[in-house]
Amino acid sequence: MNTSTRKQFLELVQVFRLASEANKEALASDYRALVQRQAASLKPLTPILGFCMERAGSKERAEAIFNHVVQNCSITYWPCPEVPAHLRKGQPDLRAACFKHAIVPVKITDTLAVLCGTNPYDADGVRAVFKHVSGKNPFPIFVLSEPEKVLKALLQIE
Amino acid sequence: MPIPDIPSQVLNEVYQAIADRHETDIAKLDRAKVSEEEFMAALAFTQGAPLIEANDINESLLTCCQALSRDLDLDALMDYKFVPLANRGQTLVAISTSPWDAMTTEIISSYFPHCSRVRFVLISPKSMTEVFNRLKGANPHDAQVAGYTPKPRPAIPQPPAPVQQPSVPTAGQPAGTPTDQTIPTSVPAPISPASVGQEMPSQSLLTSEEATCLVNILVQEANRLLQRRQRKSL
């Protein structure tokens with residue numbers, strides 16, 4: 001895990017007090033091992049928030065974690081992320097960036113680029129994906145959705 | 001301009017964003033040449049809200065809207081120019097033509113009192129009308145009744161309902177909120193002084209449909225009065 005990802009991880013864990021001081025490092029280590037396996041098999045990386053929700057212990061607690069993030073960040077929740085048809089094929093660089101950062105483009109026009117992810121702290125990811133959809137310098141907007149919905153949308157990119 | 005009544009401060013921010021995009025000074029920006037598409041995109045950007053355009057109105061979006069507006073009065077939502085899109089915990093996401101309007105936030109909060117935060121998705125008035133038309137088309141029953149709709153009664157005999165006063169929405173509680181559904185489906189007719197102490201003939205009682213019709217008229221009138229008061233207070 002690089003410094004930026006690690007910082008995001010610890011920020012998220014800190015926000016909803018999922019982990020005690022003692023097991024934060026263990027969680028971070030588990031997450032690192034998981035994403036390394038996924039990267040090696042060219043699969044979309046599990047978002048940090050998704051990982052934390054999986055470790056929450058119950059569906060209710062996982063929901064509470066997500067709701068907490070939605071309520072406490074300044075980003076709008078997007079309930080139905082889908083990748084536009086024209087971006088689903090033939091864009092390997094975009095696909096790689098989306099898979100790496102768990103971010104999907106949900107609306108791309110000449111003037112507007114709406115990207116949907118799960119991590120309000122991932123400015124690097126937004127920049128990385130935006131780079132591939134910013135041909136005409138659209139206004140960027142970032143929205144937030146549930147990790148499972150974003151992962152489902154990611155799989156629309158072939 | 002695609003949306004009327006945009007405060008000058010918001011407009012300035014929009015044109016500043018457009019000027020930045022064109023790498024020019026706002027004073028040199030020819031506002032007449034800004035396309036509606038770019039204007040709306042800049043407005044969405046400055047509001048930090050996603051934008052829904054006509055070609056974004058699809059089934060999944062409408063399904064989300066329907067889930068939250070099913071029990072609400074669509075005509076009232078049209079008057080207030082918003083549609084609830086999603087609800088996560090204490091956060092509500094609403095589609096609105098005027099997310100900068102504090103009154104809009106207040107009205108939405110009164111519809112969803114358990115939501116302490118309201119986030120917006122921007123839409124133009126034209127596309128908003130399209131959303132309402134599609135929602136009404138999906139639920140034509142709502143299109144016919146402005147106020148309260150009685151739920152279908154089961155065929156089994158019902159005990160006589162206790163007499164309740166029909167509630168009229170207050171300033172903090174617009175019509176069509178889920179709580180408004182506590183209205184009884186049958187309201188007794190007024191009793192004339194001459195008939196006090198006598199058994200009322202059943203023909204003189206209003207039917208359930210007539211009572212509902214009366215309540216609807218009352219609610220519509222109350223809505224109009226409220227809107228008039230709100231406009232005056234602005």
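Two strands pair if DSSP finds at least two bridges between them. Helices (H or I, at least four residues) and strands (E, at least two) are DSSP runs, numbered from the N terminus. In chain B, 4 strands form an open sheet with mixed pairing, in the order E1-E4-E3-E2. This is a predicted model: local features need pLDDT of at least 70, side-chain atom pairs count only at pLDDT 80 or more, and totals for chains, interfaces and linings use all residues. Residues are numbered from 1 along each chain as its sequence is written, while chains are lettered from A and ligands numbered from 1 in the order in which they are written.

**Sheet of chain B**

- The edge strands are E1 (51-52) and E2 of chain B, and each pairs on one side only.
- E3(B) and E4(B) run parallel and pair over 6 bridges.
- Within this pairing, B:Ile95 stands opposite B:Val121 in E4(B).
- A helix of the other chain, H4(A), packs on the sheet and touches E2, E3 and E4 of chain B.
- The direction of H4(A) makes about 130° with that of E2(B); angles run from 0 to 180 degrees between N-to-C directions, and axes are lines fitted to C-alpha atoms, for helices over the stretch in contact.

**Sheet of chain A**

- Chain A also has an open sheet of 4 strands, in the order E1-E4-E3-E2, with mixed pairing.
- Strands E1 (76-77) and E2 (104-108) of chain A stand at the edges with a single partner strand each, so one side of each lacks a neighbour in the sheet.
- E3 (residues 112-117) and E4 (residues 139-144) of chain A pair in the parallel sense, over 6 bridges.
- A:Leu112 stands opposite A:Phe139 in E4(A).

**Helix packing in chain B: H1 and H2**

- Two packed helices are described by the angle between their axes and the distance between the axes.
- The axes of H1 (residues 8-21) and H2 (residues 36-47) of chain B come within 9 Å and cross at roughly 110°.
- H1(B) and H2(B) are therefore roughly perpendicular to each other. Angles of 65 to 115 degrees count as roughly perpendicular, under 35 as roughly parallel, over 145 as roughly antiparallel and the rest as oblique.
- H1(B) contributes B:Val10, B:Glu13, B:Val14, B:Ala17 and B:Ile18 to the contact. H2(B) contributes B:Glu38, B:Phe39, B:Ala42, B:Leu43, B:Phe45 and B:Thr46.
- Two residues are in contact if their C-beta atoms, placed from the backbone, lie within 7 Å.
- By class, the contact of H1(B) with H2(B) has 8 nonpolar, 1 polar and 2 charged residues. Ala, Val, Leu, Ile, Met, Phe, Trp, Tyr, Cys and Pro count as nonpolar, Asp, Glu, Lys and Arg as charged, and the others, Gly among them, as polar.

**Helix packing in chain B: H3 and H6**

- H3(B) and H6 (residues 125-138) of chain B pack at about 70°, with their axes 11 Å apart.
- That angle makes H3(B) roughly perpendicular to H6(B).
- The crossing of H3(B) and H6(B) is right-handed.
- B:Leu62, B:Cys65, B:Gln66 and B:Ser69 of H3(B) meet B:Val131, B:Arg134, B:Leu135 and B:Ala138 of H6(B).
- The contact of H3(B) with H6(B) divides into 5 nonpolar, 2 polar and 1 charged residues.

**Domains**

- Domain bounds come from an automatic or database domain assignment.
- Chain A is divided into domain 1 (3-72) and domain 2 (76-154). Their centres, taken over C-alpha atoms, are separated by 20 Å.
- In chain A, 14 residues of domain 1 are in contact with 17 residues of domain 2.
- Chain B is divided into domain 1 (8-48) and domain 2 (54-144). Here 26 Å separate the centres, again over C-alpha atoms.
- In chain B, 5 residues of domain 1 are in contact with 5 residues of domain 2. H2(B) supplies the largest share of the domain 1 side, 4 residues.

**Contact between the chains**

- 26 residues of chain B are in contact with 20 residues of chain A.
- H2(B) gives the most to the chain B side, with 6 residues.
- By class, the chain B side has 14 nonpolar, 5 polar and 7 charged residues.

Methods:
A crossing is left-handed if the near helix is turned anticlockwise from the far one by less than a right angle, and right-handed if clockwise.
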